[in-house]
Amino acid sequence: MTSSGTSPGERVPTAVSNHGDHGLPTSSGWRLDGSPRPAYRSGTNDRIRSSGGTATSELAVVEGIHVSTDHWIGGERIASLDRWTDLSPIDEQLIAEVARGGTTEIRAAVGAAREAFGGWGSTQPKRRSEILHRVADGIEARVSELATVETRDNGSLLRSMRNSVMPRVARNFRSFADRLLELEGEADASYNGHAERVTWDPSGVTAVVTPWNAPLMLATWRIAPALAAGNTVVFKPPEWAPLTASLFADITRDAGLPDGVFNVVQGIGEEAGAALVGDPGVARVAFTGSVATGRLVAQAAAANLTPVSLELGGKSPFVIFADADREASLAQAVNQFDNAGQVCLAGTRLLIESSIYDEFVGRLIETSRALVQGDPRSESTDLGPLITREHFERVDGFVRRAVTDGARLATGGGPNEDLGGLYYRPTVFVDAPEGSEILTQEVFGPVLTAQRFDSEDDAVALANATDYGLAAIVYAGDPERAQRVAERLVAGTVWVNCFFVRELNAPFGGSRNSGIGREGGVWSFDFSADVKNVVTAPSERSD
Ligand code: NAD
């Protein structure tokens, strides 16, 4: 029992206020839309089952922390009759029943965001910046709570959540709040005596749809620049890890963000997500997720000619030359199992120079076997669970097909029988046939492949042999060779003798199928804003 007298996972009905600024009924026990909801991936998705239960506004209690499971629209908590069950990957236990929004909730949220746009868009940048810094303060004050809830919800390591992920969430806000104030006058120029002044005018409502593998970090990477640019936001959180979005809404309220500037509609991708990205009231669509969904999102946005920014999947190469620092490159290779391999940027294709291949792979196998797998809340754990049963089966399907295709399993290759549940052993494949699925398609689990190469040309050809282009890693002792290779790789980000280090003002995004557009610093403002050039003739007046 918690201090509030509730048990973990227990739902706490709350009263919902009764004012209807959006013309919506807002008392508990209602639903916005009387129509039946379509079944979602019935039979395949273990975590999404409509409870079909009572329509109440509710709080979940997650490890003693109260989290609203409702939408956040126009500064109010809004319930839905339909709810889905949110299970924890740690033990597959129910942690919340979350409001299942659809077209009606999306319309209400986009309406609220459009209404709030006039005020927020015309708020002076300095004031916007101050409020965004207050949001960052609120995040920093609640790092522990956010980390606890996110770990319970998506199974990521608690220590990473506390020490790096949640502090980065705050930095997302500080970075764009500061960059906003530097924009003024940045691109001003003159031509034939005419002054040219560039402004980044707010464009309207930004729709944000993001995935579950680092839910709050990925979401705020899109939300912060949109708000900084003067846009208002409707956010549809990932249905496999929806809870920190709700805590974050509380933080924006406490920071003084005006009602309607930031809205959350909880729901399923094919329902609330599709309704949001296809809504004609939306001015920008910021989507992070898989290539397959990215295509659907781009199609929906195209119907309204809404600009999209897509940050999609990857199958990144990790090139290791014989003269690279052996210990550092080995440690970094094993590090690709971070978050149980559920990392878009992960360098899962290890390309190793022939002269060190056997020794390197031998040590990789040994080190992978020594990783500690278990409860992500334990300090000693290296590798937690996969997110859902559905995803677990997907990862296992890749592994089984790789074996059938002729790849040789060097270690792992199945569930961790000692732990049961959603824990999948770190897996390494060698000798996979060229062009086979395991070498070309994103698994998004703890699965690495090792391939050998004999020359720089070989390494580059293998590295570029997929349809993805999100990131690449090069470890080499010769700095000139490292730069030569980096120049030839098709990727939005190439890390040389390092990984994951990135200044938030630097451009980030994917080439080929890994995305459309770049985010970070001024690139984010270019996407969010209506960039305008005011050209003024030289003054004729002499006084
Ligand atoms: P996903 O594409 O299944 O879902 C992403 C989001 O889209 C979710 O919120 C989901 O509800 C929503 N969605 C699903 N169908 C939709 C539809 N028809 N219309 C609108 N929204 C819809 O991806 P996922 O499984 O949640 O995440 C894993 C993928 O995300 C991987 O491919 C990974 O590489 C990628 N990813 C990319 C980055 C990046 O920065 N490039 C970062 C993290 C993850």
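By class, the shell around the ligand holds 15 nonpolar, ten polar and five charged residues. Here Ala, Val, Leu, Ile, Met, Phe, Trp, Tyr, Cys and Pro count as nonpolar, Asp, Glu, Lys and Arg as charged, and the others, Gly among them, as polar. The model is predicted: local features need pLDDT of at least 70, side-chain atom pairs count only at pLDDT 80 or more, and totals for chains, interfaces and linings use all residues. Residues are numbered from 1 along each chain as its sequence is written, and side-chain values use heavy atoms, with hydrogens and water left out.

Of the 30 residues around the ligand, Lys236, Glu239, Ser290, Leu312 and Glu442 come nearest. A residue is near a molecule or strand if one of its heavy atoms lies within 4 Å of it. Helix α7 (269-277), strand β13 (284-288) and helix α8 (291-303) each supply at least two residues of the shell. The most come from α7, with four residues. Helices (H or I, at least four residues) and strands (E, at least two) are DSSP runs, numbered from the N terminus.

An N or O atom in the side chain of Glu239 is 2.4 Å from a ligand oxygen. For Glu442 the distance is 2.5 Å, and for Thr293 it is 2.7 Å. On its own, the ligand has 850 Å² of accessible area, of which the protein covers 92%. Accessible areas come from the Shrake-Rupley method with a 1.4 Å probe.

An open sheet of seven strands runs in the order β17-β18-β19-β16-β15-β20-β21, with mixed pairing. Two strands pair if DSSP finds at least two bridges between them. At the edges, β17 (408-411) and β21 (493-496) each pair on one side only. The twist averages 25 degrees from one strand to the next. Strands β15 (317-320) and β20 (471-475) run parallel, joined by three bridges. Phe318 stands opposite Ile473 in β20.

Helix α9 (326-334) packs on this sheet, touching β15, β16 (349-353), β19 (447-453) and β20. Contact means heavy atoms within 4.5 Å. The direction of α9 makes about 165 degrees with that of β15. Axes are lines fitted to C-alpha atoms, for helices over the stretch in contact, and angles run from 0 to 180 degrees between N-to-C directions.

Another open sheet has three strands in the order β8-β9-β23, with antiparallel pairing. Strands β8 (189-191) and β23 (530-536) stand at the edges with a single partner each, so one side of each is left without a neighbour in the sheet. Seven bridges pair β9 (194-201) with β23. Val198 stands opposite Asn533 in β23.

Terms used:
Polar contact = N/O pair within 3.5 Å; in protein donor to acceptor, adjacent residues only side chain to side chain.
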